[in-house]
Amino acid sequence: MKPVRWPFKSQSPAVRALGPRTRGLVQTGVGAWRGEGLTDFHMATRLFEEKEHASSYQKYRFSPAQEIQDMIFSYLHEKLNKPYELAVDVGCGTGLSTKILSPHFKKVLGIDISKAQIEEAKNAVKFPNTIFRVSPAEEVPVDDASVDLLTACAAVHWFDIEKLLTEVDRILKPGGCLAFYTYTLNMELHYKYRSEQLTKLFLEVKDFLTNYQNEKMHHVQTGYKEIFDCIPYTDKLRFLDIMEVSSSETEVELWCKHVVLLASKPKY
Ligand SMILES: C[S@@+](CC[C@H](N)C(=O)[O-])C[C@H]1O[C@@H](n2cnc3c(N)ncnc32)[C@H](O)[C@@H]1O
(Lines give C-alpha, C1' and ligand atoms only; values in the text may rest on other atoms or scores of the structure.)
Protein backbone atom coordinates (compact mmCIF):
# COMPACT_ATOMS: atom_id res chain seq x y z
CA MET A 1 0.00 0.00 0.00
CA LYS A 2 1.28 3.41 -1.00
CA PRO A 3 1.72 5.80 1.90
CA VAL A 4 -0.08 9.13 1.68
CA ARG A 5 2.26 12.12 1.34
CA TRP A 6 1.33 15.48 2.70
CA PRO A 7 -0.50 17.35 1.34
CA PHE A 8 -2.60 14.23 1.03
CA LYS A 9 -3.93 13.82 -2.45
CA SER A 10 -6.96 11.62 -2.32
CA GLN A 11 -7.13 9.55 -5.45
CA SER A 12 -10.01 7.49 -4.24
CA PRO A 13 -13.43 8.18 -5.66
CA ALA A 14 -12.75 7.13 -3.14
CA VAL A 15 -29.57 10.35 18.01
CA ARG A 16 -29.68 13.81 18.49
CA ALA A 17 -31.26 15.89 21.58
CA LEU A 18 -29.46 17.85 24.11
CA GLY A 19 -30.95 16.78 27.32
CA PRO A 20 -31.04 13.10 28.01
CA ARG A 21 -28.38 12.25 30.49
CA THR A 22 -26.83 9.06 29.33
CA ARG A 23 -25.44 6.70 31.85
CA GLY A 24 -22.79 4.40 30.54
CA LEU A 25 -19.29 3.18 30.53
CA VAL A 26 -17.31 4.96 27.92
CA GLN A 27 -13.90 3.48 27.73
CA THR A 28 -10.54 4.44 26.40
CA GLY A 29 -7.88 1.85 25.87
CA VAL A 30 -4.81 3.93 25.28
CA GLY A 31 -1.65 2.68 24.60
CA ALA A 32 -1.56 -3.17 20.05
CA TRP A 33 -2.20 -7.21 21.13
CA ARG A 34 -2.67 -10.83 20.71
CA GLY A 35 -6.03 -12.20 19.79
CA GLU A 36 -5.58 -15.84 20.64
CA GLY A 37 -8.81 -17.53 21.57
CA LEU A 38 -10.94 -14.65 20.36
CA THR A 39 -12.60 -15.85 17.19
CA ASP A 40 -13.98 -12.53 15.99
CA PHE A 41 -10.62 -10.79 16.34
CA HIS A 42 -9.69 -11.91 12.82
CA MET A 43 -12.84 -10.71 11.16
CA ALA A 44 -13.82 -7.28 9.91
CA THR A 45 -17.55 -6.48 9.81
CA ARG A 46 -19.00 -4.12 7.23
CA LEU A 47 -22.47 -2.82 7.97
CA PHE A 48 -22.36 0.87 7.24
CA GLU A 49 -21.75 1.15 3.53
CA GLU A 50 -24.96 2.52 2.05
CA LYS A 51 -25.45 6.16 1.10
CA GLU A 52 -28.66 6.46 3.14
CA HIS A 53 -26.91 4.99 6.17
CA ALA A 54 -24.16 7.56 5.81
CA SER A 55 -26.52 10.51 5.50
CA SER A 56 -28.52 9.53 8.57
CA TYR A 57 -25.21 9.22 10.42
CA GLN A 58 -24.37 12.74 9.48
CA LYS A 59 -27.78 13.96 10.57
CA TYR A 60 -28.33 12.10 13.83
CA ARG A 61 -25.05 11.00 15.35
CA PHE A 62 -23.48 13.01 18.13
CA SER A 63 -19.90 14.19 18.46
CA PRO A 64 -17.55 12.73 21.08
CA ALA A 65 -18.18 14.26 24.51
CA GLN A 66 -15.83 17.04 25.59
CA GLU A 67 -14.75 15.02 28.65
CA ILE A 68 -13.56 12.22 26.40
CA GLN A 69 -11.73 14.63 24.13
CA ASP A 70 -10.02 16.20 27.15
CA MET A 71 -9.02 12.79 28.45
CA ILE A 72 -7.47 11.75 25.14
CA PHE A 73 -5.54 14.98 24.66
CA SER A 74 -4.24 15.14 28.19
CA TYR A 75 -2.97 11.56 27.87
CA LEU A 76 -1.29 12.46 24.59
CA HIS A 77 0.29 15.54 26.21
CA GLU A 78 1.78 13.32 28.90
CA LYS A 79 3.41 11.08 26.32
CA LEU A 80 4.49 13.39 23.52
CA ASN A 81 5.56 16.98 23.26
CA LYS A 82 3.85 19.42 20.94
CA PRO A 83 3.73 20.29 18.11
CA TYR A 84 1.81 17.29 16.89
CA GLU A 85 2.30 16.31 13.30
CA LEU A 86 -0.27 13.69 12.29
CA ALA A 87 -3.45 12.15 13.67
CA VAL A 88 -5.45 9.38 12.03
CA ASP A 89 -9.09 8.60 12.78
CA VAL A 90 -9.95 5.07 11.59
CA GLY A 91 -13.56 4.16 10.87
CA CYS A 92 -14.16 7.90 10.74
CA GLY A 93 -17.71 7.68 9.35
CA THR A 94 -18.92 11.14 8.44
CA GLY A 95 -16.03 12.85 10.22
CA LEU A 96 -17.67 13.67 13.58
CA SER A 97 -14.84 11.95 15.43
CA THR A 98 -12.22 13.34 13.02
CA LYS A 99 -12.95 17.04 13.21
CA ILE A 100 -12.26 17.15 16.96
CA LEU A 101 -8.63 16.35 16.04
CA SER A 102 -8.17 19.11 13.49
CA PRO A 103 -7.27 21.98 15.88
CA HIS A 104 -4.53 19.93 17.55
CA PHE A 105 -2.49 18.54 14.66
CA LYS A 106 -0.71 19.80 11.56
CA LYS A 107 -2.38 17.11 9.51
CA VAL A 108 -5.37 14.90 10.13
CA LEU A 109 -6.41 11.89 8.07
CA GLY A 110 -9.84 10.26 8.41
CA ILE A 111 -10.28 6.85 6.80
CA ASP A 112 -13.29 4.61 6.39
CA ILE A 113 -14.08 1.49 4.37
CA SER A 114 -17.31 3.07 3.13
CA LYS A 115 -17.19 5.39 0.15
CA ALA A 116 -20.58 6.87 1.12
CA GLN A 117 -19.36 7.74 4.62
CA ILE A 118 -16.24 9.37 3.20
CA GLU A 119 -18.26 11.45 0.78
CA GLU A 120 -20.40 12.74 3.65
CA ALA A 121 -17.25 13.50 5.65
CA LYS A 122 -15.70 15.45 2.80
CA ASN A 123 -18.83 17.57 2.51
CA ALA A 124 -19.20 18.13 6.24
CA VAL A 125 -15.64 18.78 7.44
CA LYS A 126 -13.79 21.56 5.70
CA PHE A 127 -10.64 22.13 7.75
CA PRO A 128 -7.70 22.72 5.40
CA ASN A 129 -5.46 20.39 7.39
CA THR A 130 -7.96 17.51 7.34
CA ILE A 131 -8.50 15.02 4.56
CA PHE A 132 -10.55 11.86 4.15
CA ARG A 133 -9.83 8.67 2.20
CA VAL A 134 -11.53 5.38 1.58
CA SER A 135 -9.31 2.78 3.21
CA PRO A 136 -9.58 -0.23 5.53
CA ALA A 137 -8.54 0.49 9.10
CA GLU A 138 -6.24 -2.52 8.87
CA GLU A 139 -4.16 -0.83 6.13
CA VAL A 140 -3.61 2.81 6.96
CA PRO A 141 -2.00 4.65 4.03
CA VAL A 142 0.75 6.43 5.99
CA ASP A 143 4.46 5.87 6.60
CA ASP A 144 5.91 3.78 9.41
CA ALA A 145 6.32 5.62 12.73
CA SER A 146 4.61 8.77 11.45
CA VAL A 147 1.47 9.07 13.61
CA ASP A 148 1.18 10.90 16.95
CA LEU A 149 -2.37 9.79 17.70
CA LEU A 150 -4.67 7.14 16.25
CA THR A 151 -8.32 7.22 17.23
CA ALA A 152 -11.31 4.95 16.62
CA CYS A 153 -14.67 6.17 17.88
CA ALA A 154 -17.45 3.58 18.10
CA ALA A 155 -15.58 1.64 15.45
CA VAL A 156 -12.79 -0.61 16.71
CA HIS A 157 -15.15 -3.50 17.53
CA TRP A 158 -16.04 -3.75 13.82
CA PHE A 159 -12.45 -4.25 12.67
CA ASP A 160 -10.13 -7.22 12.34
CA ILE A 161 -8.54 -6.40 15.70
CA GLU A 162 -5.41 -8.47 15.23
CA LYS A 163 -4.55 -6.87 11.89
CA LEU A 164 -5.49 -3.45 13.20
CA LEU A 165 -3.18 -3.68 16.19
CA THR A 166 -0.28 -4.79 14.00
CA GLU A 167 -0.93 -1.82 11.74
CA VAL A 168 -1.20 0.56 14.67
CA ASP A 169 2.17 -0.60 15.92
CA ARG A 170 3.65 0.01 12.46
CA ILE A 171 2.38 3.57 12.07
CA LEU A 172 2.62 5.03 15.61
CA LYS A 173 5.67 7.09 16.45
CA PRO A 174 7.53 5.96 19.55
CA GLY A 175 5.43 7.52 22.33
CA GLY A 176 2.51 7.89 19.94
CA CYS A 177 -0.89 7.00 21.41
CA LEU A 178 -4.03 5.20 20.43
CA ALA A 179 -7.51 5.89 21.72
CA PHE A 180 -10.33 3.43 21.18
CA TYR A 181 -13.56 4.74 22.63
CA THR A 182 -17.29 4.28 22.29
CA TYR A 183 -20.58 5.20 23.84
CA THR A 184 -22.67 2.37 25.20
CA LEU A 185 -26.40 1.73 25.09
CA ASN A 186 -26.83 2.03 28.84
CA MET A 187 -28.64 5.28 28.37
CA GLU A 188 -31.09 7.33 30.36
CA LEU A 189 -33.32 9.79 28.62
CA HIS A 190 -34.16 13.03 30.35
CA TYR A 191 -36.98 15.25 29.26
CA LYS A 192 -38.91 17.41 31.72
CA TYR A 193 -40.94 15.17 34.10
CA ARG A 194 -41.15 12.35 31.52
CA SER A 195 -37.60 11.03 31.97
CA GLU A 196 -38.52 7.82 33.74
CA GLN A 197 -41.14 6.83 31.18
CA LEU A 198 -38.88 7.67 28.27
CA THR A 199 -35.99 5.72 29.73
CA LYS A 200 -38.21 2.72 30.43
CA LEU A 201 -39.47 2.72 26.85
CA PHE A 202 -35.99 3.17 25.46
CA LEU A 203 -34.67 0.25 27.51
CA GLU A 204 -37.55 -1.98 26.44
CA VAL A 205 -36.84 -1.31 22.78
CA LYS A 206 -33.11 -1.69 23.31
CA ASP A 207 -33.55 -5.02 25.12
CA PHE A 208 -35.78 -6.29 22.31
CA LEU A 209 -33.30 -5.23 19.61
CA THR A 210 -30.43 -6.85 21.51
CA ASN A 211 -31.82 -10.20 20.32
CA TYR A 212 -30.93 -9.22 16.77
CA GLN A 213 -27.67 -7.38 17.23
CA ASN A 214 -24.37 -8.32 15.63
CA GLU A 215 -22.20 -10.53 17.85
CA LYS A 216 -19.41 -7.96 17.77
CA MET A 217 -21.55 -5.72 19.95
CA HIS A 218 -20.49 -7.89 22.87
CA HIS A 219 -17.24 -5.90 22.87
CA VAL A 220 -19.25 -2.79 23.65
CA GLN A 221 -21.34 -4.56 26.27
CA THR A 222 -18.22 -5.81 28.05
CA GLY A 223 -16.61 -2.38 27.99
CA TYR A 224 -13.95 -3.31 25.37
CA LYS A 225 -12.30 -5.50 27.98
CA GLU A 226 -10.98 -8.15 25.55
CA ILE A 227 -9.69 -5.51 23.17
CA PHE A 228 -7.95 -3.74 26.05
CA ASP A 229 -6.29 -6.97 27.13
CA CYS A 230 -4.94 -7.48 23.60
CA ILE A 231 -3.15 -4.13 23.44
CA PRO A 232 0.49 -5.21 23.82
CA TYR A 233 1.82 -1.99 25.32
CA THR A 234 2.31 -1.86 29.07
CA ASP A 235 1.35 1.79 29.33
CA LYS A 236 -2.39 1.61 28.83
CA LEU A 237 -5.43 2.97 30.61
CA ARG A 238 -9.11 2.25 30.68
CA PHE A 239 -11.76 4.73 31.51
CA LEU A 240 -12.05 3.34 35.02
CA ASP A 241 -8.34 3.92 35.73
CA ILE A 242 -8.67 7.51 34.66
CA MET A 243 -11.75 7.97 36.84
CA GLU A 244 -9.82 6.35 39.70
CA VAL A 245 -12.69 3.96 40.43
CA SER A 246 -12.86 0.20 40.23
CA SER A 247 -16.52 -0.50 39.56
CA SER A 248 -17.78 -0.71 36.01
CA GLU A 249 -21.14 0.27 37.50
CA THR A 250 -19.79 3.78 38.18
CA GLU A 251 -21.95 6.28 36.38
CA VAL A 252 -20.74 8.94 34.01
CA GLU A 253 -22.84 11.54 32.31
CA LEU A 254 -23.00 11.82 28.57
CA TRP A 255 -25.50 14.20 27.01
CA CYS A 256 -27.03 13.32 23.72
CA LYS A 257 -30.08 14.00 21.62
CA HIS A 258 -32.76 11.49 20.74
CA VAL A 259 -35.72 11.27 18.48
CA VAL A 260 -38.95 9.83 19.88
CA LEU A 261 -41.94 8.83 17.78
CA LEU A 262 -45.33 8.36 19.48
CA ALA A 263 -48.49 7.26 17.73
CA SER A 264 -52.01 6.15 18.60
CA LYS A 265 -54.48 4.30 16.47
CA PRO A 266 -57.76 6.29 16.19
CA LYS A 267 -60.55 5.08 18.52
CA TYR A 268 -63.29 5.62 15.92
C1 LIG B 1 -20.39 3.27 14.20
S2 LIG B 1 -19.49 4.04 12.86
C3 LIG B 1 -18.55 5.27 13.69
C4 LIG B 1 -18.24 6.46 12.80
C5 LIG B 1 -17.54 7.63 13.48
N6 LIG B 1 -16.26 7.24 14.08
C7 LIG B 1 -18.43 8.28 14.51
O8 LIG B 1 -18.17 8.14 15.72
O9 LIG B 1 -19.41 8.94 14.14
C10 LIG B 1 -18.32 2.79 12.40
C11 LIG B 1 -17.60 3.12 11.10
O12 LIG B 1 -16.55 2.17 10.91
C13 LIG B 1 -16.46 1.91 9.50
N14 LIG B 1 -15.79 0.61 9.30
C15 LIG B 1 -16.26 -0.64 9.62
N16 LIG B 1 -15.32 -1.57 9.34
C17 LIG B 1 -14.22 -0.88 8.85
C18 LIG B 1 -12.92 -1.26 8.44
N19 LIG B 1 -12.52 -2.55 8.44
N20 LIG B 1 -12.05 -0.29 8.04
C21 LIG B 1 -12.43 1.02 8.06
N22 LIG B 1 -13.65 1.44 8.43
C23 LIG B 1 -14.53 0.51 8.84
C24 LIG B 1 -17.90 1.93 9.01
O25 LIG B 1 -18.00 2.13 7.62
C26 LIG B 1 -18.49 3.08 9.85
O27 LIG B 1 -18.42 4.29 9.18
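**Legends to close-up views of a predicted chain**

The chain has 9 helices and 8 strands, where helices (H or I, at least four residues) and strands (E, at least two) are DSSP runs numbered from the N terminus. This is a predicted model, in which local features need pLDDT of at least 70 and side-chain atom pairs count only at pLDDT 80 or more, while totals for chains, interfaces and linings use all residues. Residues are numbered from 1 along each chain as its sequence is written. Of the 268 residues of the chain, 38% count as buried; a residue is buried if 20 or more other C-beta atoms, placed from the backbone, lie within 10 Å of its own, exposed if 12 or fewer, and partly exposed in between.

**View A. The largest nonpolar core.** A nonpolar core is taken here as a set of buried Ala, Val, Leu, Ile, Met, Phe, Trp, Tyr and Cys residues joined through C-beta atoms within 7 Å, and the largest one in this model has 48 residues. The residues with the most contacts inside this core are Ala 87, Val 88, Val 90, Val 147, Leu 149, Leu 150 and Phe 180. Strand β7 (residues 172–181) supplies the largest share of the core, namely 6 residues.

**View B. Strand β6 and its partners.** All of strand β6 (residues 147–153) is buried, 7 of the 7 residues, so the strand is largely enclosed by the rest of the structure. Strand β3 (residues 84–90) runs parallel to β6 and is joined to it by 3 bridges, two strands being counted as paired if DSSP finds at least two bridges between them. Within this pairing, Leu 149 of β6 is the bridge partner of Ala 87. β6 also pairs with β7, again in the parallel sense, over 6 bridges, and there Cys 153 stands opposite Tyr 181 of β7.

**View C. Leu 150 in strand β6.** Leu 150 lies in strand β6 and counts as buried, with 25 C-beta neighbours inside 10 Å. When neighbours within four places in sequence are left aside, Leu 150 is in contact with Val 88, Val 90, Val 168, Ile 171, Leu 172 and Leu 178, a contact meaning that the C-beta atoms of two residues, placed from the backbone, lie within 7 Å. Gly 176 is 26 residues away from Leu 150 along the chain, and the C-alpha atoms of these two residues are separated by 8.1 Å.

**View D. Strand β3 beside strand β4.** Strand β3 is mostly covered, with 6 of its 7 residues buried. β3 and β4 run parallel and are joined by 6 bridges, and in this pairing Val 90 stands opposite Ile 111 of β4.

**View E. The crossing of helices α1 and α4.** The axes of helix α1 (residues 51–60) and helix α4 (residues 115–124) come within 8 Å and cross at roughly 35°; axes are lines fitted to C-alpha atoms, for helices over the stretch in contact, and angles run from 0 to 180 degrees between N-to-C directions. α1 passes α4 in a right-handed crossing, the term used when the near helix is turned clockwise from the far one by less than a right angle. On α1 the contact is made by Lys 51, His 53, Ala 54, Ser 55, Tyr 57 and Gln 58, and on α4 by Ala 116, Gln 117, Glu 120 and Ala 124. Sorted by class, this contact of α1 with α4 has 4 nonpolar, 4 polar and 2 charged residues, where Ala, Val, Leu, Ile, Met, Phe, Trp, Tyr, Cys and Pro count as nonpolar, Asp, Glu, Lys and Arg as charged, and the others, Gly among them, as polar.

View F. His 104 is found in the loop between α3 (96–99) and β4 (105–112) and is partly exposed, with 19 other C-beta atoms within 10 Å. Leaving aside neighbours within four places in sequence, His 104 is in contact with Phe 73 and Tyr 84. The C-alpha atoms of His 104 and Lys 82, which are 22 residues apart along the chain, are separated by 9.0 Å. Lys 82 is joined to Pro 83 by a cis peptide bond, with omega about 0°, and Pro 83 lies in the loop between α2 (66–79) and β3.

View G. Tyr 224 counts as buried, with 25 C-beta neighbours inside 10 Å.
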